[in-house]
Amino acid sequence: MAFPVSIQLFSFRDDMANDPKGILTALKEMGYDGIEPYGGKDLYGMTQEEFIDFMNSIDLKVPSAHISFETLYADPDDTFSFHKSLGCKYLAMPYLNPDMLPGGEKHEGAFEKIQMLCEKGK
């Protein structure tokens, strides 16, 4: 049984800035089934509609995305809605700023904020 395989686009951030459609097409040709975008609503110079249409045209899925805590926390409803429109089932926070870690200035309440976002995203 084959499992779908996706790749994180942050690994190609410089190339995505120069030729996003070429990189996405090459990834599909290499055998990837999906991609994981980063950066919130930045779709590599494409509008939301253009991005969705292009992804559909090359049959590449967007099962997940990674996004900063700050972006997600600033407007969770809009962020969840936007990513859902791309087909995302999962959002990942690839890191927390050091000030949110134990001992950091913003550590107090960080866990509760993350827990709220998890509940809101269900």
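Modeller: Before we start, one cut-off is needed: a residue is called buried under 20% relative accessible area, exposed over 50%, and partly exposed in between. Please keep in mind as well that this is a predicted model.

Biologist: With that cut-off in hand, is Cys118 buried, exposed or partly exposed?

Modeller: The relative accessible area of Cys118 is 47%. Since the middle class lies between 20% and 50%, Cys118 is therefore partly exposed.

Biologist: How many disulfides does a search of the whole structure find, and why?

Modeller: A disulfide is a covalent bond between the sulfur atoms of two cysteines. For Cys88, which is buried with a relative accessible area of 12%, the closest cysteine sulfur is that of Cys118, and at 16 Å it is too far for a bond. Seen from the other end, Cys118 has its closest cysteine sulfur in Cys88, again at 16 Å and too far. The number of disulfides found in the whole structure is zero.

Biologist: What share of the contacts with a separation of 6 or more comes from residues 24 or more positions apart?

Modeller: The C-alpha trace of the protein chain spans about 45 × 35 × 30 Å along its principal axes, and buried residues make up 33% of its 122 residues. Within the contacts that have a separation of 6 or more, the share from residues 24 or more positions apart is 72%.

Biologist: On which side of α3 do the exposed residues Glu49, Asn56 and Ser57 lie?

Modeller: Helix α3, residues 48-57, has Phe51, Phe54 and Met55 as its buried residues. They cover an arc of only 100° around the axis, and so they lie on the same side of the helix. What covers these buried residues includes α2 (20-29) and β2 (34-36). Glu49, Asn56 and Ser57 are carried by the face turned away from the buried side.

Biologist: Which elements do the buried residues of α6 pack against?

Modeller: In α6, the buried residues are Ala110, Ile114 and Leu117. Their arc around the axis is only 60°, which puts them on the same side of α6. The elements that they pack against are α4 and α5 (76-85).

Biologist: Which residues does Ser68 touch, if those up to four places away in sequence are not counted?

Modeller: Ser68 sits in the loop between β3 (64-66) and α4 (69-74), and with a relative accessibility of 17% it counts as buried. Leaving out residues up to four places away in sequence, the residues that Ser68 touches are Met93 and Tyr95.

Biologist: How far apart in space are Lys122 and Tyr90, C-alpha to C-alpha?

Modeller: Lys122 is placed in the segment after α6 (110-120), where it is exposed, with a relative accessible area of 75%. In sequence, Lys122 and Tyr90 are 32 residues apart, whereas in space their C-alpha atoms are separated by 9.7 Å.

Biologist: How far apart are the mean positions of the positive and negative charges?

Modeller: The protein chain exposes about 7,700 Å², of which carbon and sulfur atoms supply 53%. As for charge, there are 11 positive and 20 negative charges, and the distance between their mean positions is 5 Å.

Key
Residues are numbered from 1 along each chain as its sequence is written. This is a predicted model: local features need pLDDT of at least 70, side-chain atom pairs count only at pLDDT 80 or more; totals for chains, interfaces and linings use all residues. Side-chain values use heavy atoms; hydrogens and water are left out. Buried means under 20% relative accessible area, exposed over 50%, partly exposed in between (1.4 Å probe, protein chains only). Contact means heavy atoms within 4.5 Å. Accessible areas come from the Shrake-Rupley method with a 1.4 Å probe; for residues, only the protein chains shown count as cover. Lys and Arg count as positive and Asp and Glu as negative; His and the chain ends are not counted. The place of a charge is taken as NZ of Lys, CZ of Arg, CG of Asp or CD of Glu. Helices (H or I, at least four residues) and strands (E, at least two) are DSSP runs, numbered from the N terminus. The arc is that of the directions from the helix axis to the C-beta atoms. A disulfide is a pair of cysteine sulfur atoms within 2.5 Å.
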